[in-house]
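Hi everyone, thanks for coming. Let me put the structure up on the screen, and then we'll walk around it together.

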Amino acid sequence: MADNSFSDGVPSDALEATKNASNAEKLTDQVMQNPQVLAALQERLDNVSHTPSSYIETLPKAVKRRINALKQLQVRCAHIEAKFYEEVHDLERKYAALYQPLFDKRREFITGDVEPTDAESEWHSENEEEDKLAGDVKNKVVIAEKEAATAEEPNPKGIPEFWFTIFRNVDMLSELVQEYDEPILKHLQDIKVKFSDPGQPMSFVLEFHFEPNDYFTNSVLTKTYKMKSEPDQADPFSFEGPEIVDCDGCAIDWKKGKNVTVKTIKKKQKHKGRGTVRTITKQVPNDSFFNFFSPLKASGDGESLDEDSEFTLASDFEIGHFFRERIVPRAVLYFTGEAIEDDDNFEEGEEGEEEELEGDEEGEDEDDADINPKKEPSQPSECKQQ
């Protein structure tokens, strides 16, 4: 029988390999002639060649050593920045003391404990001149009717439902308020912000002052936000300012049957042995704004929180920060809605608002200050795990 394993002295395996290589080469040539394949390969090569990490890896050891020195300097910068934010906190405390007498008078006007003088009540609107002209014409005709109407007009004490109206106006807060919360919030008389004392760990406290009511005996409900202003040893470059490390609420002394943070449900239970059924009542958590005073605790035992808990803590601090930075300092403008209109005017993401700026357009230097405003020290927007 003839042996076919050799042909002209060449093994058949070698011939098969040569044939496969030739086919692979032809296939490669066909693929490389495809413009779409070439474009995809080029894009991948471009991405790889231009990543910062890949570039750093190509540098000589001497240059890498100098980069490490720059990182050391950057860590020192982060620690100096942390000191800067500590001094900002001291300034906030100083100026809070200057604001407080004005806020105390605001409360007196709201509650009706003090009536503002004519001078304190005077306010010039933007349309004052137009209003004055129209008013002069009308006054000549209806002055007697206006006097009669003023005499009959009700004069409630202070500014009724001042803070409750703010809750209703601000979406972030109204989303938390249930219908059964509303009668309670109508008793809210004031919200104050208090900063930690000098030498104490950085924190601030929100105080919600209530008049006597039928729901709880507390006159003040508090929420404390504990903060830190120091770079993380494991990741110092992530430091961007003070961050929350924990949140503490307070116990609410609810009057009997008035606790809106729980609800009573009826549940049927079946006996395993006898098969009999009984109905029991059980209290379960209930959605309410007043859960704000029973926050989740940031885990301090090294265990990470689940995603839902992290989101809840982040939302909690965002609300606390909003009370501190916006609601309390500008309460009257959130009551009238003017601050809400201002906030809406600066919302991003609206279609048609983006504009591409060419580098050689006229007026680039003049507009540069508007395009790149100096960034002010920011406060954290997230409640993080300690």
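Quick housekeeping. This is a predicted model, where local features need pLDDT of at least 70, side-chain atom pairs count only at pLDDT 80 or more, and totals for chains, interfaces and linings use all residues. Residues are numbered from 1 along each chain as its sequence is written, and side-chain values use heavy atoms, with hydrogens and water left out.

Okay, the core. A nonpolar core is a set of buried Ala, Val, Leu, Ile, Met, Phe, Trp, Tyr and Cys residues joined through side-chain atoms within 4.5 Å. Buried means under 20% relative accessible area, exposed over 50%, and partly exposed in between, with a 1.4 Å probe and protein chains only. The largest core here has 46 residues, and Phe167, Phe208, Phe290 and Phe323 touch the most other members.

Now the rings. Rings of Phe, Tyr and Trp (its six-membered ring) pair if their centres lie within 6.5 Å; planes under 30 degrees apart are stacked, over 60 edge-to-face, and the rest tilted. There are 25 aromatic pairs in the structure. Take Phe210 and Phe216: their ring centres are 5.1 Å apart and the planes sit at 85°, so they're edge-to-face. Phe210 is buried at 5% relative accessibility, and Phe216 is buried at 2%. Both belong to one aromatic cluster, which also includes Phe290 and Trp254.

On to the pockets. Which residues lie nearest the centre of the largest pocket? They're Phe109, Glu120, Trp123, Ile159 and Val332, out of 30 lining residues. On a 1 Å grid over the protein atoms alone, a pocket is an open set of points where a 1.4 Å probe fits, with protein on both sides within 12 Å along at least five of seven lines; lining residues have an atom within 4 Å of a point. The space in this pocket is about 1100 Å³, where a volume is the space filled by probe spheres set on the points, joined across faces, edges and corners. The second largest pocket has about 520 Å³.

Last stop: Glu161. Its phi is near 55°, a positive value in a residue other than glycine. Is Glu161 buried, exposed or partly exposed? At 34% relative accessibility, Glu161 counts as partly exposed.
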